[in-house]
Amino acid sequence: MWELCKRGKSDYFTLDNCMLNRDLTAQHFNHTSVNIMFWTSLFLTVSGCMFPGHHWGEWNDSQLLPTIQKLMKGYNRYLRPNFNEGPVEIGMSLDIASIDAISEINMDYTATIFLRQRWRDSRLVFPGNESVSVDGRLVSLLWIPDTFIPDSKRSFLHDVTVENRLIRIFSNGTVLYALRITATIACNMDLTKYPMDRQVCTLQLESWGYNLQDVVFYWTRGNDSVKGLDTLRLAQYSVESYYTTVSEAVYETGQYPKLVLHFALRRNVLFFILETYVPSTLLVVLSWVSFWISQSSVPARTCIGVTTVLTMTTLMMGARTSLPNANCFIKAIDVYLGICFTFIFGALLEYACAHFCTMQHQTIEDLHRDLLREFNESNGNGSIPMVRSSQPNQSVEIGSTAEEPLDQSVKSDAKSDTGSNDKTPGKGCGLSSVKDASRRAASVFVVENPHNIDRHARTVFPLAFLFVNILYWLYYLFL
């Protein structure tokens with residue numbers, strides 16, 4: 001039966017029959033004999049059943065059996081290669097298949113990578129120049145490095161349809177071990193310039209139990225050991241640059257080898273300009289429309305001011321939903337939204353001030369009209385009406401007939417004040433200076449024409465907003 005299998009008679013005896021025959025024969029041997037026969041049947045199957053009549057190098061099938069027996073004789077998978085002879089050099093290379101998600105809230109990213117490790121095991125040297133690819137499930141029979149990702153939060157090995165492992169043994173004893181894994185890896189982010197930010201994330205590979213005296217890690221081709229980042233397409237980011245480094249991880253238990261992949265991600269700001277910056281800018285411009293509406297239209301101007309303030313508040317809350325709620329980050333988008341909210345709220349306050357001055361000015365004009373009417377009515381009998389004004393700095397001109405007694409009264413008051421000042425010079429000077437200062441301070445807030453407030457606001461608000469925008473974009477884009 002075994003000879004028929006070796007000759008390629010797969011029509012009558014399948015590989016399962018051959019393996020069954022091997023298993024029945026191996027029941028009389030110990031654990032070492034089982035391993036030897038397993039490798040023997042594997043190579044015989046490859047050379048006999050799958051490739052009948054094929055010869056490896058210059059040795060035939062009759063020479064293969066003792067070679068594999070010698071190869072696995074005394075092999076201990078619990079001992080690393082070059083035991084008591086020096087560290088094992090392990091070369092690494094990566095293929096970045098995809099970066100599925102980058103989370104600012106959790107400060108991590110999820111990536112699917114192909115990790116390839118190469119090392120030389122002198123116990124697996126066999127004649128010839130060929131390489132043998134064996135089933136990945138045979139990894140339990142070989143020694144493999146204990147490589148792990150220290151910053152990984154969650155990770156798993158793909159197992160559809162079988163575990164995605166590859167083991168390839170070369171004739172010089174070099175072992176290639178590749179696997180496909182998906183890991184969620186932590187990435188410390190600086191979000192102060194969000195969304196004009198640039199994040200530098202890392203992918204670290206370390207040895208769990210073997211220190212620098214046991215294993216040494218190195219990149220097989222330097223920066224060219226990493227593939228896939230150049231052609232990677234992400235939703236919000238673009239890969240700006242990447243490079244590899246070799247370092248050491250120092251722990252309490254010793255120094256361990258470490259390889260680090262650094263890659264820089266630049267966020268695409270166009271999405272945020274269309275979603276946040278343009279709407280907030282238009283809301284600010286919309287708040288300026290009230291400057292061209294008459295001050296007497298109280299419902300219209302109030303409605304515009306309140307609506308823009310509420311809309312801006314909603315926009316600010318929506319922009320913060322996808323960001324971490326951390327007080328340590330004052331993000332660039334928060335600064336801009338705060339600027340826009342300040343200008344919108346300032347436009348609402350501008351109308352409140354203008355309306356207050358208008359009502360105050362109308363009260364004074366009504367007082368003037370009442371005074372002139374009473375003066376005209378009393379002009380016939382020569383009496384002067386006594387009117388008290390609520391404005392201390394407001395002067396009222398009544399007529400030429402009333403100016404003379406007023407001037408005389410002012411002169412008499414001045415003389416009396418002079419006499420009193422001569423008696424008490426210190427108190428008079430201090431009191432008069434305080435009164436003059438208070439009058440000058442009050443005159444600053446007196447608006448002769450309230451409509452000028454809107455005229456000045458039409459120029460001051462746009463120019464101030466433009467100036468603040470120039471400073472904002474210069475700082476966050478170039479500094």
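Ala-457 lies in helix α10, and in this predicted model Ala-457 counts as buried because its relative accessible area is 4%, where the cut-off for a buried residue is under 20%. Once the neighbours within four places in sequence are set aside, the contacts of Ala-457 are with Phe-291, Glu-350 and Pro-462. Phe-291 is 166 residues away from Ala-457 in sequence, yet the two C-alpha atoms are 7.0 Å apart in space.

Helix α10, which runs over residues 451-478, also contributes Asp-454, and this residue is joined to helix α6 because Arg-301 lies in α6, so that the pair ties together parts of the chain that are 153 residues apart in sequence. The bond in question is a salt bridge between the side chains of Arg-301 and Asp-454, at 2.9 Å from N to O.

Helix α6 itself covers residues 298-319, and its 22 residues should span 32 Å at 1.5 Å a residue, which agrees with the 32 Å between its end C-alpha atoms. Its buried residues are Arg-301, Ile-304, Gly-305, Thr-308, Val-309, Met-312, Leu-315, Met-316 and Ala-319. These residues cover an arc of only 130 degrees around the axis, and therefore sit on the same side of α6. On the other side of the helix, Pro-299, Leu-310, Thr-314 and Met-317 are exposed.

A search of the whole structure finds 12 salt bridges. In general, side chains of opposite charge can pair when their charged atoms come close.

| Salt bridge | N to O distance |
|---|---|
| Arg-80 and Asp-214 | 3.5 Å |
| Glu-163 and Arg-165 | 2.8 Å |
| Arg-301 and Asp-454 | 2.9 Å |

The salt bridge between Arg-80 and Asp-214, at 3.5 Å from N to O, links distant parts of the chain, for Arg-80 is in the loop between α4 (61-72) and β1 (88-103) while Asp-214 is in the loop between β8 (198-207) and β9 (215-219), 134 residues apart. Arg-80 and Asp-214 are both buried. The side chains of Glu-163 and Arg-165 also meet in a salt bridge, but here Glu-163 counts as partly exposed because its relative accessibility is 41%, and Arg-165 likewise counts as partly exposed, at 26% relative accessibility. Beyond these pairs, Glu-104, Asp-197 and Arg-267 are linked in a network of salt bridges.

The largest nonpolar core has 77 residues, and within it Ile-99 and Tyr-109 are the residues with the most contacts. Helix α7 (residues 332-378) supplies the largest share of this core, namely nine residues. Leaving aside neighbours within four places in sequence, Ile-99 is in contact with Tyr-109, and also with Thr-110, Ala-111, Leu-232, Leu-234 and Phe-263.

Several points of the backbone deserve a separate look. The peptide bond from Val-160 to Thr-161 is cis, with omega near 0 degrees, and Thr-161 lies in the loop between β5 (152-157) and β6 (165-170). The peptide bond from Tyr-194 to Pro-195 is also cis, with omega near 10 degrees, and Pro-195 is found in the loop between β7 (174-186) and β8.

Asn-82 has a positive phi of about 55 degrees although it is not a glycine; Asn-82 lies in the loop between α4 and β1, and counts as partly exposed at 27% relative accessibility. Met-107, again not a glycine, has a positive phi of about 55 degrees; Met-107 is placed in the loop between β1 and β2 (108-120), and counts as partly exposed at 21% relative accessibility.

For the chain as a whole, the secondary structure comes to 10 helices and 12 strands. Of its 479 residues, 36% count as buried, and the chain exposes about 28,300 Å², of which carbon and sulfur atoms supply 58%. Among contacts with a separation of 6 or more, residues 24 or more positions apart account for 75%.

Methods. Residues numbered from 1 in each chain as written. Predicted model: local features only at pLDDT ≥ 70, side-chain atom pairs only at ≥ 80, totals over all residues. Heavy atoms only, no water. Helix = DSSP H or I, 4+ residues; strand = E, 2+ residues; numbered from the N terminus. Expected span 1.5 Å × (residues − 1). Buried < 20%, exposed > 50% of the residue type's maximum accessible area, 1.4 Å probe, protein only. Arc of directions from axis to C-beta. Core = buried A, V, L, I, M, F, W, Y, C linked by side-chain atoms within 4.5 Å. Contact = heavy atoms within 4.5 Å. Salt bridge = Lys/Arg side-chain N within 4 Å of Asp/Glu carboxyl O. Areas by Shrake-Rupley, 256 points an atom, 1.4 Å probe, with all protein chains shown as cover.
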